[in-house]
Amino acid sequence: MTNIRATLAIVWRIAAPYFRSEDKWAGRGLLAAVIALELSLVAINVLVSQWQNRFFSAIQGYELDRFVREIWIFLVLAFTFVALAVYKLYLNQWLQIRWRRWLTQHYLAEWLNGPTHYRMQLKGDAADNPDQRITEDVKSFVEQTLTLGLGLLSSVVTLASFVVILWGLSDKAPLHIYGTDIVVPGFLVWCALVYAILGTALTHWIGSPLINLNFEQQRFEADFRFNLIRVRENSEQIALLKGESAERGNLLQRFGFVIGNWYAIMSRTKRLTAFTASYGQAAVIFPYVMVAPAYFAKRIQLGDMMQTGSAFSSVQDALSFFVSAYRSLAEWRSVIARLDGFEMSVSSVAETAAREPTVAIAPTSNAAIGLEQLLVKLPNGEPLVAANAIAIEPGERVLVTGPSGSGKSTLFRAIAGIWPFGTGTIAIPENARLMMLPQRPYFPIGPLGDAVIYPAEHGVIGPDKIAEALNAVGMPRLAKRLDESGHWNRMLSLGEQQRLGLARALLHAPDYLFLDEATASLDEPSEARLYRLLTEKLPQATIVSIGHRSTLDAFHTRKVALVKDGAIHVLGGAAPAEKAPSAAG
Ligand SMILES: Nc1ncnc2c1ncn2[C@@H]1O[C@H](COP(=O)(O)OP(=O)(O)OP(=O)(O)O)[C@@H](O)[C@H]1O
């Protein structure tokens with residue numbers, strides 16, 4: 001019971017915001033219309049049940065006129081039923097797509113809210129495969145919530161209406177055993193109740209492991225798909241290392257989990273189906289057996305008997321809603337658990353930032369970037385890099401050095417404001433524009449012009465300027481292909497990608513440019529040419545580089561090293577500051 005209440009609370013938390021959103025009137029209107037149509041369908045079913053009684057009584061009495069009149073009534077009922085059913089489905093689908101659009105936009109906004117997507121990955125918690133949450137899970141949630149919610153409503157109303165009918169029929173056809181009437185008020189209702197409750201309890205007992213099995217199935221499928229995507233993305237590396245057989249083994253092992261779990265689902269579903277099918281079949285004959293003694297004793301007419309059969313099956317259907325909806329309920333709960341995990345993960349990122357001490361990014365009116373009492377940590381809390389009283393003055397060219405793995409890139413991540421783990425303050429001049437260039441720049445798939453100016457939107461920077469920047473970084477060939485679409489990370493060499501990265505920096509002209517081994521794949525003369533270009537085109541910009549090559553010294557005015565001090569590295573420790581002429585070489 002607590003479980004059900006907890007699940008419903010989660011459903012409310014996920015579902016309610018849409019009905020309070022800017023689309024609330026459309027959402028509420030459609031929901032109200034769908035509910036009204038659902039209730040009207042129940043009313044039609046009640047009318048059909050009464051019609052059935054009259055129809056079969058007319059047949060039994062050989063009354064042709066009544067028979068023909070009932071046919072006409074049936075046609076009207078049937079036509080109304082079809083019209084209501086069609087619009088119920090149509091409006092339901094309309095509501096689904098509007099609700100799904102809103103939820104998808106909402107989740108995308110939460111996931112891509114600043115560096116949340118990156119921090120969720122760093123924390124490595126329940127929200128594995130956010131792509132699945134935002135695609136399949138949102139879709140299933142909307143679909144199944146409506147199907148199950150409306151199904152439940154319809155069942156309750158059907159139950160109430162048909163219990164009344166069945167109660168009346170019980171009075172007409174009392175329990176008649178061996179020639180004596182046993183008066184149990186509403187005995188047909190009690191029979192239907194006992195039958196359905198027994199069925200529901202047994203179904204829960206047989207089917208409950210399916211909830212977990214379905215959850216696991218989705219996880220294994222997503223895992224398998226994710227690993228296939230990784231192979232596709234790294235196919236060159238895998239081919240070069242001849243890693244195909246290792247990949248095949250790994251993929252087959254993951255697919256093995258999909259298969260293993262599927263067998264478990266099959267065997268459990270087999271047992272469940274054997275039970276639900278037998279249960280359904282028995283329900284066809286059960287009510288007739290119950291009223292047969294009264295019928296053969298000529299206490300009731302054929303019409304009453306037929307109406308009892310259909311009313312019993314309506315009550316039974318309504319009560320055994322959980323029996324037939326069991327599989328969907330199990331899947332629905334898995335979907336809810338995953339969406340809940342996603343929401344929890346998003347809010348835990350925000351909560352961690354609010355609760356635990358994190359690296360504070362403080363806007364300052366000073367012109368310099370300042371690192372104060374900074375201690376950058378790993379996600380597990382281990383300290384990594386310390387820096388105190390370090391200032392990077394405007395226009396400086398600073399080279400950060402240090403052994404591999406000492407935390408240089410992580411320090412840049414902290415300055416960029418995406419790495420929260422740690423304490424201390426990073427003061428960033430107000431309104432200063434920072435840009436990070438990594439060793440492997442990211443290019444969205446699409447026209448080259450858009451890929452170069454990313455994250456600026458299409459058209460914000462004109463094609464002439466882009467072509468000029470590409471010429472300047474030594475890529476005149478590409479300057480002619482700005483409209484060509486492609487997967488540029490795959491089509492260009494790493495050195496070429498780094499040139500494009502520098503073209504991006506020239507076009508955005510940031511106040512602070514951080515280069516994390518951003519020219520490491522270029523030959524030394526090209527690297528020298530590009531550094532000279534940066535100095536020439538971005539004379540006001542402060543440049544901070546990470547690099548291992550000694551040739552970089554010539555393009556920087558100050559060198560700061562990460563020096564080992566016990567378990568951590570300290571920025572600007574005991575490193576000798578070297579002065580070098582700017583833009584030489
Ligand atoms: N997301 C992460 N989770 C756990 N540890 C991490 C994570 N990112 C980085 N680290 C660890 O932090 C340490 C510093 O990594 P970082 O990339 O900052 O080093 P670096 O000085 O830039 O190295 P290199 O010169 O080799 O590029 C490494 O030991 C790395 O394993």
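This is a predicted model: local features need pLDDT of at least 70, side-chain atom pairs count only at pLDDT 80 or more; totals for chains, interfaces and linings use all residues.
Biologist: What makes the protein more spread out than a compact globule?

Modeller: The protein holds 19 helices and 15 strands. Its radius of gyration is 35 Å, whereas the globule rule gives 25 Å for 585 residues; the value is well over the rule, so the protein is more spread out than a compact globule. Along the principal axes, its C-alpha atoms fill a box of roughly 115 × 55 × 55 Å.

Biologist: How is the protein divided, and how far apart do the centres of domain 2 and domain 3 lie?

Modeller: Domain 1 takes residues 1–173 + 328–354, domain 2 takes 179–299, and domain 3 takes 360–576. Between the C-alpha centres of domain 2 and domain 3 there are 54 Å.

Biologist: What share of the residues counts as buried, and what share of the contacts comes from residues 24 or more positions apart?

Modeller: Of the 585 residues, 31% count as buried. Among contacts with a separation of 6 or more, 78% join residues 24 or more positions apart.

Biologist: How do you know which residues are listed as "transmembrane region", and what is their secondary structure?

Modeller: The listing comes from UniProt, in an unreviewed entry, and names residues 30–51, 71–91, 146–167, 187–207 and 272–296. Residues 30–51 are 100% helix and 0% strand in the model, with end C-alpha atoms 31 Å apart. Residues 71–91 are also 100% helix and 0% strand, and their end C-alpha atoms lie 30 Å apart.

Biologist: Why is Ser267 called exposed?

Modeller: Ser267 lies in helix 9. Its count is 12 C-beta neighbours inside 10 Å, and a residue with 12 or fewer is exposed. Ser267 therefore counts as exposed.

Biologist: Why is Ile265 given the label partly exposed?

Modeller: Ile265 is also placed in helix 9. It has 17 other C-beta atoms within 10 Å; buried would need 20 or more and exposed 12 or fewer. Ile265 is therefore partly exposed.

Biologist: Which residues does Ile265 touch, leaving out those up to four places away in sequence?

Modeller: They are Leu210, Leu213 and Gln217. For Leu213, 52 residues apart from Ile265 along the chain, the separation of the C-alpha atoms is 6.3 Å.

Biologist: What makes Lys172 partly exposed, and which residues does it touch?

Modeller: Lys172 lies in helix 5, residues 130–172. The count for Lys172 is 15 C-beta neighbours inside 10 Å, which falls between the 12 or fewer of an exposed residue and the 20 or more of a buried one. So Lys172 counts as partly exposed. Residues up to four places away in sequence aside, Lys172 touches Ile300 and Asp304. Lys172 and Ile300 are 128 residues apart in sequence, yet their C-alpha atoms are 6.8 Å apart.

Biologist: What is the backbone like at Lys298, and why is that residue called exposed?

Modeller: Phi of Lys298 is near 60°, a positive value in a residue other than glycine. Lys298 sits in the loop between helix 9 (244–296) and helix 10 (302–319). Only the cut-off of 12 or fewer is needed for the label: Lys298 has 7 other C-beta atoms within 10 Å, so it is exposed.

Biologist: How do you know that the peptide bond from Tyr454 to Pro455 is cis?

Modeller: Omega for that bond is near 5°. Pro455 is found in the loop between helix 14 (448–453) and helix 15 (463–472).

Biologist: Which residues are around the ligand, and what is their make-up by class?

Modeller: They are Leu122, Leu378, Pro379, Leu384, Gly402, Ser404, Gly405, Ser406, Gly407, Lys408, Ser409 and Thr410. The shell has 4 nonpolar, 7 polar and 1 charged residues. Helix 13, residues 408–416, gives the largest share, 3 residues.

Key
Residues are numbered from 1 along each chain as its sequence is written. UniProt positions are given in the numbering used here, feature names are shortened, and annotations may be inferred rather than shown by experiment. Helices (H or I, at least four residues) and strands (E, at least two) are DSSP runs, numbered from the N terminus. The radius of gyration is taken over C-alpha atoms; the globule rule is 2.2 Å times the number of residues to the power 0.38. Two residues are in contact if their C-beta atoms, placed from the backbone, lie within 7 Å. Domain bounds come from an automatic or database domain assignment. A residue is near a molecule or strand if its C-beta atom, placed from the backbone, lies within 6 Å of it. Ala, Val, Leu, Ile, Met, Phe, Trp, Tyr, Cys and Pro count as nonpolar, Asp, Glu, Lys and Arg as charged, and the others, Gly among them, as polar.
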